[in-house]
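Please read them with the structure open.

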Amino acid sequence: DRCQMPSVKGISTTVGQEQPVSPQEKQVLEDLEMSLARRPTETLFQEQPKTGNRYLEDTLLRSYLKTHLPPKVLEEVHQDLERFGNRLLTEIEPLGWECELNPPVFRQFDAWGQRVDRIDTCSAWRRMKEISAEEGLIAEAYERRYSNWSRLYQAVKLYLFSTSSGGFNCPLAMTDGAAKVIESLGIPGSLRSAFDCLTSRDPKKFWTSGQWMTERRGGSDVANGTETVARRQPDGTYRLYGFKWFTSAADSDVTLTLARIPDAEGQCPQGSRGLSLFFLRVRDEQGKLNNIQVQRLKDKLGTRQMATAELWLQGARAELISAEGRGVASISNMLNITRIHNVIGAVASMRRMISLSREYARRRVAFGKLLKDHPLHMQTIARMEVQWRGAFLLLMEVVRLLGLAETNLASEQDQLLLRLLIPVAKLYTGKQATAVAVEAMESFGGQGYMEDTGVPIILRDTLVLSIWEGTTNILSLDVLRSLAKSQGQVMAVFLSTVQKKLELLSGTAGLAPAVQRVRGAMGSLTQFLEKAGSEPTVTMELAARDFSYSLARIYTGALLMEHAARPGASCTDTCAALRWCNQELCPVAVESGSGSYRAGAALQDSALVYGDSTVGQGD
């Protein structure tokens, strides 16, 4: 029997007949056979998910802006964001990938053995700095072209920029924070030039700032972990001596840092009252380090695109910018801004992962049909979508309130609410982002685990969001401090604000079940607070995380319903609100009812962790 194969350019390919074959014919036959051999596996190739203009594809963002911005502002903002979305696609995304492939390198010595302590960054990273200036990613918030909406507009651009920035969103967070601190100090004459550079749109003038707080003994506990000493010089400046264990954006132009000023006897006051805030240039005009020695770059899980270093300050020249001993109070403005940037990064990473998952589901065939046609797969993505929608609206609420505060339009209630919502939003969205990123990676199957898809990069960079600028527990305790410091006013404002939103929503068709659930959660939260008031202090500490989660879920539920009740809202807006409110909105009440915070619970926790059989069961 003979098997007739297709002829190729006149070449006879009849099998079973021996005849001379030229080398050229033999090569053609081999290529054809290889092509045919590969054909059965071609259906295994997977098509890359591709997204378009991030602004135009983000219907929730666009509907929010249309609802809240004044028409004239909306018109200008819309045009700029559409343009920016195209720039992200064509220019910024490729640069971000280059930053990932070319992380910073530390050169300790030159070719002749001279110590240079040079941190080399790639050209794409340096280009990101220029683009940040050109786009006004810091300037927009301080020019206030759109009054109280300027801060929200800046946040939207940063949100779109974040996951394409190649990690440059991190130095921008600290740059924004430094500008905010200087502005809050009234922009002293000695800092006017620095402020102008930090907020410049000129790439040749634009500066970025670091934030050098963490030392060897510290993390969030800067009050007890800061050992750096500041020695006053005859000209009124200071020289800093100490070791900074974790300095983000070590290639920045300037930084803010904390140090202790010795008294007349040479003793340094301890605790937070002994800390003062300093501003310093990292390098002089010739590019030489300011008496700073780089020990090494940190080998991090994520955000590898950004240089994070261990630094010795060996007489670094600095300027005292806070009142002596008031460093922690002065730095609080910076922490608020960087925490908001953390929320922006969390919401952006969720959006990016969901967008990729959604697009992949339109292309990937499994078990005879597209992933989007598998109900369980779509349910999984829909649940992620609800989480992102809630986080997005919480972010918008925070920056809306910040915009009011920065333009002196915020009421006392607005300012109290902002003080509470910043740590609540930071801690909750950080956890949301991690969960969504892991779930989204899984939605790609094994392909999501492949480094060159870019999916693992987003996951790694997302994991820092529940750690940087205060872990979940640290921020939960900060929430409690805000309640105590305001003597309960913060909580009263929270409850009254949600109640007002519910009253406006009570007649909205389709949202009645969600309104009822939020109202019930509010009642449970109030009962918990009344009960906790007579309990030992440890009760509220044990409840802090669940309490903060409850605040986040209740307030976000109200925001989702508010958005779904606006004129022109879609059925998906209503669906998202209902699904969000269908979860447990007040976990602190549930856990309190099960005895998680009762006397002896802390001892039981220790026994479970360390296996101490001598610890009693408690009541």
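1. A cut-off comes before the rest: buried means under 20% relative accessible area, exposed means over 50%, and partly exposed lies in between. The model is predicted.

2. Start with Arg-151. Its relative accessibility is 3%, so Arg-151 counts as buried. Where does its charge go? Arg-151 forms a salt bridge with Asp-176, with the closest N and O atoms 2.8 Å apart. Arg-151 sits in helix α7 (residues 150–161) and Asp-176 in helix α8 (residues 169–184), so the pair ties together parts 25 residues apart in sequence. Asp-176 is at 0% relative accessibility and therefore buried.

3. Lys-501 and Glu-562 also form a salt bridge, at 3.0 Å between the closest N and O atoms. Helix α16 (residues 489–505) holds Lys-501 and helix α18 (residues 537–564) holds Glu-562, so this pair ties together parts 61 residues apart in sequence. Lys-501 is buried at 10%. Glu-562 is partly exposed at 33%.

4. Glu-359 and Arg-362 meet through their side chains in a salt bridge, 2.7 Å from N to O. Glu-359 is buried, with a relative accessible area of 10%. Arg-362 is partly exposed, at 46%.

5. How many salt bridges does a search of the whole structure find? The count is 50. A network of salt bridges links Asp-80, Arg-83, Arg-87, Glu-91, Arg-127, Glu-130, Glu-134, Glu-135 and Lys-157.

6. Now the surface. Leu-608, Val-609 and Tyr-610 form a nonpolar patch there, with about 440 Å² of accessible area together. Tyr-610 belongs to helix α21 (residues 601–610). Its relative accessibility is 71%, so Tyr-610 counts as exposed.

Key: Residues are numbered from 1 along each chain as its sequence is written. This is a predicted model: local features need pLDDT of at least 70, side-chain atom pairs count only at pLDDT 80 or more; totals for chains, interfaces and linings use all residues. Side-chain values use heavy atoms; hydrogens and water are left out. Patches are made of residues with over 30% relative accessible area and no salt bridge: like charges are joined within 9 Å, nonpolar side chains (Val, Leu, Ile, Met, Phe, Trp, Tyr) within 5 Å. Accessible areas come from the Shrake-Rupley method with a 1.4 Å probe; for residues, only the protein chains shown count as cover. A salt bridge is a side-chain nitrogen of Lys or Arg within 4 Å of a carboxyl oxygen of Asp or Glu. Helices (H or I, at least four residues) and strands (E, at least two) are DSSP runs, numbered from the N terminus. Buried means under 20% relative accessible area, exposed over 50%, partly exposed in between (1.4 Å probe, protein chains only).
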